[in-house]
Amino acid sequence: MTKPDKIVITKPLFGKKVLMLGGSYNAMAYLQTLKQYGLHITLLGRDRDEPGHHIADVSIYEDYSNPAVVERICGNQKFDFLVPGCNDYSYLSAAESAARHGFVGYDDFDTVKILHTKDLYRDFLLEHDLPSPRYFSFEDLQKNGLETPVLVKPTDSFSGKGISHIEVIDELEQAIDHAIQFSRRNDYTIEEYVSGGLHSHSAFIKHGSVEIDFFVDEYCDAYKYQVDGSCHPSAIPENIKSGVRAAIEKKVDILGLCDGLIHTQFIAQDERFWLIECMRRAPGDLYGRLIEHSTGFPYNRENLHQYLGIGIVKNAIPLSSKPILRHTISSTETMMPIGFTTHFETCWQEVIPLHSSGQPLEPAPFGKQAIIFMQLPNNEDLWRLTPQIKTKVSPVKTQRA
């Protein structure tokens, strides 16, 4: 593996002003790099307990998910750069203001809406013959019934919230009501349920082509629509990887996407795959740290560079990978954990705590206790143990008196 390259800044950044949307644990790597570059950081986020407020030069305790708030702040102050956090609400607010103020690193807002809104994205995939599940209307299902299981989803939610899997038509209206509860647009989408392995493809594109990419195997245990186990490198075959790359480059070409990160979730089975979700923001739960530990590629830094007008540094591209597992520790029930134990030996472990010991922890997808990274001896152990990780990590609960 090549050694990480030295930081090369092509434009003077010291003293320039950046507005960052959100300061959760996911944003810390970006905030630390911005600080190293000598940028003046204004952090927008209403949660005063977010750790990013301790790094920022200025904190504004308002809701970044409200585009009007972001627009007002951008209009009142002159910022050189606008950096989104690691969720859709942050990215959409940032992209809307970027369209008005010309911040670098964003596509036009109509394109952003296509990629980040489930029904528009599904329509786009079908129109351009890109592999995806079928899409159904409520009226068609009411008239013709269910010929296959379907998923009912909010059109604009993330982290798997509000999703229902139904197999009988009598459950459809209840599933729609559930989806709407988690949708700010009060809207939903219905798609064919496809089975297979869940994976992600994280690619940095340059001049319309994939410059470097990473495939990750993903698993959902505590909550079946939220990833809590993943590993790199992936076990999926090269023909599936090639097919996914070709589909992503076709999408990039049709939409004319700007250089930077594009992250996609897909399901694969045998020789087929289906594109499920897409985003131009960084994925959450320290996904970038998984890639960095496995390959040495500075994933978080290169993603941040997209919003600072700095291109990808080619000599940062890795040549090999360590077998690294990532697990988000969560629960199927409310509990008050004081810690956790791991039940197998590894070469190396890193733990990022997200929850205070002895405090109530909500069930997934709302609560997370910690994120743990492990290095396994080889790829075979990695692919065998990652699906079992939930059985290998146990919360230590408080004991009743």
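Contact here means heavy atoms within 4.5 Å. The structure is a predicted model.

Leaving aside neighbours within four places in sequence, Leu308 is in contact with Leu13, Leu34, Tyr37, Leu39, Phe81 and Val104. Leu308 belongs to the largest nonpolar core, where it is listed with Met20, Leu44 and Tyr106 as having the most contacts inside that core. Helix H3 (residues 88-101) supplies the largest share of this core, five residues.

| Core | Size | Residues named |
|---|---|---|
| Largest nonpolar core | 58 residues | Met20, Leu44, Tyr106 and Leu308 (most contacts inside it) |

**Helix H7**

Helix H7 spans residues 172-181, and Leu172, Ala175, Ile176 and Ala179 are buried in it. These residues lie on the same side of H7 because they cover an arc of only 100° around the axis. An α-helix has 3.6 residues a turn, so residues three or four places apart point the same way. Gln174 and Gln181, on the other side of H7, are exposed. The cover over the buried residues of H7 includes helix H6 (138-144) and strands S6 (150-154), S7 (164-166) and S8 (188-192).

**His232**

Strand S11 (residues 229-232) contains His232. Is this residue buried or exposed? His232 counts as buried because its relative accessibility is 6%, and the cut-off for buried is under 20%. The side chains of His232 and Ser294 are joined by a polar contact of 2.8 Å. Beyond neighbours within four places in sequence, the residues in contact with His232 include Phe214, Phe215, Val216, Leu290, Ile291, Lys322, Pro323 and Leu382.

Technical notes. Residues numbered from 1 in each chain as written. Predicted model: local features only at pLDDT ≥ 70, side-chain atom pairs only at ≥ 80, totals over all residues. Heavy atoms only, no water. Buried < 20%, exposed > 50% of the residue type's maximum accessible area, 1.4 Å probe, protein only. Helix = DSSP H or I, 4+ residues; strand = E, 2+ residues; numbered from the N terminus. Arc of directions from axis to C-beta. Polar contact = N/O pair within 3.5 Å; in protein donor to acceptor, adjacent residues only side chain to side chain. Core = buried A, V, L, I, M, F, W, Y, C linked by side-chain atoms within 4.5 Å.
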